Amino acid sequence: MAELRIKNVCLRGVAGAVPETMVSTYDYPFFSHNDADNFVKTVGIKNRYIALHGECASDLCTLAAENLIDSLHWDKESIGILSFESVTADYRTPPTSCILQHRLGLPESCMTFDLPMGCCGFLYSVAVVGKMMQDGNIKRAILLIGDTITRMSSPKDKSRIPLFGDCGTAVALEYDENAADIILDMNTYGKGYESLITPHSGFRHQVTPKSFEYEDFGNGIVRAPIHSLIQGMEVLTFAISRPPKSIKALLEKYAIDKDNDLDYILIHQANLLIINQIIKKCGFDTAKVPMNIENFANLGGASIPMLMVSELNQQLKEHKKMLASAFGLGLTWGTMIFETENLIIPPLAVLHTTDNVK
């Protein structure tokens with residue numbers, strides 16, 4: 001157990017932004033109406049927001065960050081860290097966080113860095129930035145978490161593209177000596193890295209003309225090496241086995257009663273089957289497990305922040321204690337226990353196609 005305990009740091013606010021284009025499961029040409037019905041029933045995804053060509057995760061995160069900073073009434077000069085967690089950066093180099101520091105008008109004294117951790121991105125962002133802040137030298141930070149995952153998929157691959165949606169989120173952390181500890185348990189199963197992978201994308205297999213040649217793998221799976229792939233059964237087995245063990249271990253170690261001590265359980269919105277299996281294995285009360293998968297799909301690392309934005313906006317104005325569970329790319333998984341008080345959550349923002357994106 002790679003356990004972290006972050007002191008003197010609290011969440012002050014969360015914001016989200018989505019593209020204006022929404023696509024229904026019934027719109028995909030590789031699904032018959034009956035296929036779409038079964039997909040919605042079993043996977044739980046009916047709609048998802050899709051970034052168009054030229055719309056990047058950085059654009060969505062910028063919109064979310066501006067809304068959050070304005071809502072918090074923070075002086076931008078007071079922000080000491082800007083992190084950007086995404087697997088869909090603007091460029092291979094430089095880090096997108098450097099570009100966003102300029103776009104957001106943050107001071108040159110602001111430290112920036114990128115994290116490409118996928119579905120555990122929210123937990124990794126809090127773990128890394130939170131630990132950097134707990135001694136008080138840095139008072140405020142903005143964590144940007146978002147992806148345009150749909151643009152990584154083959155439009156002909158029905159095993160992947162219907163599962164994901166695009167969005168950007170922003171999370172505000174602040175130094176507070178009265179804050180409740182944030183507790184995390186982080187884990188890695190690197191042996192399973194090929195279960196979620198983009199074969200031709202980095203320097204192991206650099207992009208060539210062959211990277212764009214489509215291959216038909218049967219069962220509606222048509223993709224090229226440049227496209228991301230998912231080994232569905234391997235990911236399913238991983239997701240319903242390891243995360244529940246992490247959750248139970250952390251609850252037991254800190255003597256946290258899942259029924260009486262936790263207000264909400266935030267589970268990464270991978271698909272309905274996985275979410276329900278984790279609920280069942282952990283014995284959670286379904287009334288405490290918000291879901292937004294029907295209209296947002298799998299949002300990668302932004303999944304948990306977006307749950308707070310879309311489903312818990314009003315509820316988080318009061319003190320709440322929550323558990324978050326994330327799992328995915330790497331393969332990695334983690335559990336986080338944290339508390340919030342008067343969390344600022346501005347309304348969900350929409351990036352219009354006519355907006356001037358960089």
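These are my notebook entries on one predicted protein model.

**Ground rules**

I number residues from 1 along each chain as its sequence is written. The model is predicted, so I noted that local features need pLDDT of at least 70, that side-chain atom pairs count only at pLDDT 80 or more, that totals for chains, interfaces and linings use all residues, and that side-chain values use heavy atoms, with hydrogens and water left out.

**Entry 1: the whole protein**

I looked up the secondary structure first. The protein has nine helices and 17 strands. Both are DSSP runs, numbered from the N terminus: helices are H or I with at least four residues, strands are E with at least two.

Next came overall size. The C-alpha trace spans about 55 × 45 × 35 Å along its principal axes.

I then checked burial. Of the 358 residues, 56% count as buried. Buried means under 20% relative accessible area, exposed means over 50%, and partly exposed lies in between (1.4 Å probe, protein chains only).

I also looked at contacts (heavy atoms within 4.5 Å). Among contacts with a separation of 6 or more, 78% come from residues 24 or more positions apart.

**Entry 2: strand β8**

How many of the nine residues of β8 are buried? Nine of the nine are, so β8 (residues 167–175) is largely enclosed by the rest of the structure. I followed the directions of its residues. C167, T169, V171, L173 and Y175 point one way. G168, A170, A172 and E174 point the other way.

Which strands pair with β8? Two strands pair if DSSP finds at least two bridges between them. Strand β2 (residues 9–19) runs antiparallel to β8, with eight bridges. Strand β7 (residues 140–147) is also antiparallel to β8, again with eight bridges. I noted one partner from each strand. C10 has E174 as its bridge partner in β8. D147 stands opposite C167.

**Entry 3: helix α9**

I turned to α9 (residues 303–311). Seven of its nine residues are buried, so the helix is largely enclosed by the rest of the structure. The buried ones are S303, I304, P305, M306, L307, M308 and V309.

**Entry 4: S211**

Is S211 buried or exposed? S211 counts as buried because its relative accessibility is 0%. The residue sits in the loop between β10 (196–197) and β11 (215–216). Leaving aside neighbours within four places in sequence, S211 contacts H200, Q206, A224, P225 and I226. P225 is 14 residues away along the chain, yet the two C-alpha atoms are separated by 4.9 Å.

**Entry 5: backbone exceptions**

Most residues other than glycine have a negative phi, and most peptide bonds are trans. I looked for exceptions.

- T93 and P94 are joined by a cis peptide bond, with omega about 5°. P94 is in the loop between β5 (81–85) and α3 (96–103).
- G330 and L331 are also joined by a cis bond, with omega about -5°. L331 is in the loop between β15 (320–328) and β16 (332–340).
- N8 is not a glycine, but its phi is positive, about 65°. N8 lies in the loop between β1 (2–6) and β2.
- N342 is not a glycine either, and its phi is about 50°. Its loop runs between β16 and β17 (349–351). N342 counts as partly exposed because its relative accessibility is 48%.
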